[in-house]
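Here is a short tour to read with the model open beside you.

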Amino acid sequence: MAKKYLLLLLIGFLFACNVQDPLETGKEGTPLPDFKIQVDTAWTYYAHEIQAGNPIVLVYFRTTCPYCRAEIEEILDDIDKLDEYKFYFVSADTLPEIKKFVKQYNLLGYSNVKVGQDVDRFFKTYFKSEGVPYTAIYNKDRKLNAAFFGKIGTREIKKYSGS
């Protein structure tokens with residue numbers, strides 16, 4: 001009986017450690033700022049083109065970061081349950097590195113996923129991000145609900161998207 005109690009306690013502890021609280025950025029409730037995402041040399045996507053109506057998740061990542069990869073893999077594992085969300089994976093890495101990453105994870109195969117380069121390093125400056133992954137979750141009205149530094153899961157995305 002003591003072993004079962006200890007096992008349940010350990011599982012509860014591990015589960016509790018896996019949940020993260022959002023950062024206090026001072027930007028909560030503010031609208032999605034405009035910035036550009038370079039998809040390739042011929043195509044640029046601007047944040048003002050992102051329409052309201054769906055929760056928006058911005059993930060600032062590095063192609064070689066294992067925590068970034070783990071977060072993106074978890075999102076992709078649950079992507080069929082996240083079809084109402086619009087995901088924008090933004091990196092300061094080079095376009096060739098990003099294209100290789102996109103191909104590796106077959107990211108062009110998802111209609112609600114866009115990936116590109118933050119050529120102006122806007123994301124890092126605006127959010128004062130000291131590292132990656134850094135995830136900003138906006139509600140369907142394009143207002144910031146929460147931001148996280150470090151790997152988060154789809155639980156946090158759903159909880160803090162306001163949907």
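The report below goes from the overall fold to the cores, the pocket and some individual residues.

## About the model

This is a predicted model, in which local features need pLDDT of at least 70 and side-chain atom pairs count only at pLDDT 80 or more, while totals for chains, interfaces and linings use all residues. Residues are numbered from 1 along each chain as its sequence is written, and side-chain values use heavy atoms, with hydrogens and water left out.

## Overall fold

The protein contains 5 helices and 7 strands. Both kinds of element are DSSP runs numbered from the N terminus: helices are H or I with at least four residues, strands are E with at least two.

The protein has 163 residues, and 44% of them count as buried. Here buried means under 20% relative accessible area, exposed means over 50%, and partly exposed lies in between, with a 1.4 Å probe and protein chains only. Of the contacts with a separation of 6 or more, 70% join residues 24 or more positions apart, where contact means heavy atoms within 4.5 Å.

## Two nonpolar cores

A nonpolar core is a set of buried Ala, Val, Leu, Ile, Met, Phe, Trp, Tyr and Cys residues joined through side-chain atoms within 4.5 Å. The largest one has 26 residues, and those with the most contacts inside it are Phe-61, Ile-75, Phe-87, Phe-89, Leu-107, Val-115 and Ile-157. At least two residues of this core come from each of β3 (56-61), α2 (66-77), β4 (86-91), α3 (95-104), β5 (113-117), β7 (144-149) and α5 (154-160). Helix α2 gives the most, with 4 residues.

Beyond its neighbours within four places in sequence, Phe-89 is in contact with Val-59, Phe-61, Ile-72, Ile-75, Leu-107, Val-113, Lys-114, Val-115 and Gly-116. There is also a second, separate core of 20 residues, including Ile-37, Leu-58, Tyr-138 and Leu-144.

## The largest pocket

The largest pocket holds about 210 Å³ of space. A pocket is found on a 1 Å grid over the protein atoms alone, as an open set of points where a 1.4 Å probe fits, with protein on both sides within 12 Å along at least five of seven lines; lining residues have an atom within 4 Å of a point. Points are joined across faces, edges and corners, and the volume is the space filled by probe spheres set on them.

Its lining consists of Val-39, Trp-43, Ile-98, Lys-99, Val-102, Leu-107, Leu-108, Tyr-110, Val-113, Lys-114 and Val-115. Both α3 and β5 supply at least two of the lining residues. By class, 9 are nonpolar, none is polar and 2 are charged; nonpolar covers Ala, Val, Leu, Ile, Met, Phe, Trp, Tyr, Cys and Pro, charged covers Asp, Glu, Lys and Arg, and the others, Gly among them, are polar.

## Backbone details

Most residues other than glycine have a negative phi, and most peptide bonds are trans. With that in mind, look at the loop between α4 (122-127) and β6, where Pro-133 lies: the peptide bond from Val-132 to Pro-133 is cis, with omega near -10°. Lys-128 is found in the loop between α4 and β6 and has a positive phi near 55°; at 62% relative accessibility, Lys-128 is exposed. Asn-106, in the loop between α3 and β5, also has a positive phi, near 50°.

## Residues brought together

Is Asn-139 buried or exposed? Asn-139 sits in the loop between β6 (134-138) and β7, and counts as buried because its relative accessible area is 16%. Leaving aside neighbours within four places, Asn-139 is in contact with Asn-54, Pro-55, Ile-56, Asn-145 and Ser-161.

Gly-53 lies in the loop between β2 (43-46) and β3 and is partly exposed, at 46% relative accessibility. Its C-alpha is 8.1 Å from that of Arg-142, although Gly-53 and Arg-142 are 89 residues apart in sequence. In helix α5 you will find Arg-155, whose C-alpha is separated by 9.9 Å from that of Ile-75, 80 residues apart along the chain.
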